[in-house]
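Please look over the structure below before reading the numbered points. They are notes for a colleague who has not seen it before.

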Amino acid sequence: MENQCDHCGMAHGKSEPTRILILGGGYVGLYTALGLQRKLRSGEASVTVIDPQPHMTYQPFLPEAAAGAIEPRHVVVPLRRALKRCHVITARATGIEHARKVVTIEAADGHTEELGYDVLVVALGSVARLLPIPGLAEHGIAFKTIGEAIYLRNHVMTKLDQADSTLDPELRKKLLTFTFVGGGFAGIEALGELEDMARFATQYYKNVEPEDLRFVLVEAAGRVLPEVRESLGVYTVMQLEKRGIEVYLSTLAKSFENGHVVLSDGTEFDSDTIVWTAGVKSNPVLGASDLPLTKQGRLRATAALRVEGLPDAWTAGDCAAVPDLSRTPDDPTAICAPNAQNAVRQARLLAKNIVVALRGGKPKEYYHKNIGSVASLGLHKGVGDVFNVKAKGFMAWAMHRAYHVKAMPTVNRKVRITLDWLTGGLFRREVISMGQINDPKAEFVRVSKG
């Protein structure tokens, strides 16, 4: 007897297709599903993708979306539109019981249910890593989602509006002080793009001059951009400081209470904007599973992208501790860095490996020598280290855009982003504040009270 599955619409019995369940619709989830729907034969397997959001966010473009260089809708890929041969469920995974081959999910309407599977792909990625710093949860703004990017853009523009009209000099100083914590790619690029946008926007304000803006970068390590060679990290700091940005290296944030920033070197100042990009951690859902984890909370994986000891469970990306074969001859414990470059390449191999395994073949091991990194520091400014060649300024900025538009999923989004850049070059960037989006009912409530 065959039973009909409510979610994939296929019969599950002796002749049923293999049920592949993908947890996460980010880089790994989307690219793996795209690969599977291209490579699987009709009736060979059903693919279900579960993610709390109905879209995949291409995070390297978040800084440009926040700064108005790219339309925010264009840096996300609608999962249902891209994955026409897969079943997409908008829900949050809350538990994994691989011994029973069951995942517990919480759907968008709040109800929970269990889903069975034959093959599991864990692509849950990472979440912001918060530290127990007083005031961080109340005043910090993360920078991992499109919602946070839009919120931050509107927040910065709203602070300019408020500063332009206030008569209180101390409040004005606080409104125009923007603090970024974390000197990795996310922090540096967000800082560079938003500082560029804010200084450009001051030309439209009578009472705000570019020199009134104060941007501060706080980094616990002794350098920024650890992904590039140290000399380029030094160059990045020099370029930021030339723009008037204050950089605090080897410095910890001690408190953010009431918007009052206290640093470990004794520096104190008020800031109405605190952007937190100081690291990530594996999705906590992994802790509610019976899968093998490292001390850091990442899934133990083989170089072939299988979960250790479990031939029917696969993983890749930020949540996976995949051996880095390009470095293991020198360091047997080396694992792949949790970045977009590895996630995209691992996902493409992962789709191939799953299909090969379903057909009785031997999966290939992931080997990718890091080709380098590029970072944007604002419009026409960048830094890069590609194939051991240093790049600075406009060239690095152009390389950054070229690489990421190539990596952006779907032709639709590649074209839309390219058109955004072209129109931005012709008509300059938008500096419109849409702060009402952050509290859309405020005006309605005010009017209702008479």
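1. Where helix H5 meets helix H7, Leu152, Arg153, Val156, Met157 and Leu160 of H5 touch Leu194, Met197, Ala198 and Ala201 of H7, contact being heavy atoms within 4.5 Å. By class, this contact has 8 nonpolar, no polar and 1 charged residues. The classes are nonpolar for Ala, Val, Leu, Ile, Met, Phe, Trp, Tyr, Cys and Pro, charged for Asp, Glu, Lys and Arg, and polar for the others, Gly among them.

2. The model is predicted: local features need pLDDT of at least 70, side-chain atom pairs count only at pLDDT 80 or more, and totals for chains, interfaces and linings use all residues. Residues are numbered from 1 along each chain as its sequence is written, and side-chain values use heavy atoms, with hydrogens and water left out. Helices (H or I, at least four residues) and strands (E, at least two) are DSSP runs numbered from the N terminus.

3. Two packed helices are described by the angle between their axes and the distance between the axes. For H5 (residues 146-165) and H7 (residues 185-201), the axes come within 11 Å and cross at roughly 35°. Axes are lines fitted to C-alpha atoms, for helices over the stretch in contact, and angles run from 0 to 180 degrees between N-to-C directions. The crossing of H5 and H7 is right-handed, meaning that the near helix is turned clockwise from the far one by less than a right angle.

4. Which strands do these helices lie across? H5 lies across E12, E13 (177-181) and E19, at about 160° to E19, while H7 lies across E13 and E14 (214-218), at about 175° to E14.

5. Those strands belong to an open sheet of 5 strands, in the order E12-E19-E13-E14-E15, with parallel pairing. Its edge strands are E12 (140-141) and E15 (246-248), each pairing on one side only. Strands count as paired if DSSP finds at least two bridges between them. E12 and E19 (residues 273-276) run parallel and are joined by 2 bridges; Gly140 stands opposite Ile274 in E19.

6. A further open sheet has 3 strands in the order E24-E25-E26, and its pairing is antiparallel. E24 (372-378) and E26 (389-392) each have a single partner strand, so one side of each is left without a neighbour in the sheet. The twist averages 5° from one strand to the next. E24 and E25 (residues 381-386) are joined by 6 bridges, and Ser373 stands opposite Asp385 in E25.

7. H7 also packs on this sheet, touching E24 and E25, with its direction at about 25° to that of E24. Helix H10 (residues 393-407) packs on the sheet too, touching E24, E25 and E26, and its direction makes about 75° with that of E25.

8. E8 (residues 102-107) and E9 (residues 112-116) pair in the antiparallel sense over 5 bridges, and Val103 has Leu115 in E9 as its bridge partner. Their hairpin has 4 residues between the strands, and Gly110 takes a positive phi near 100° there.
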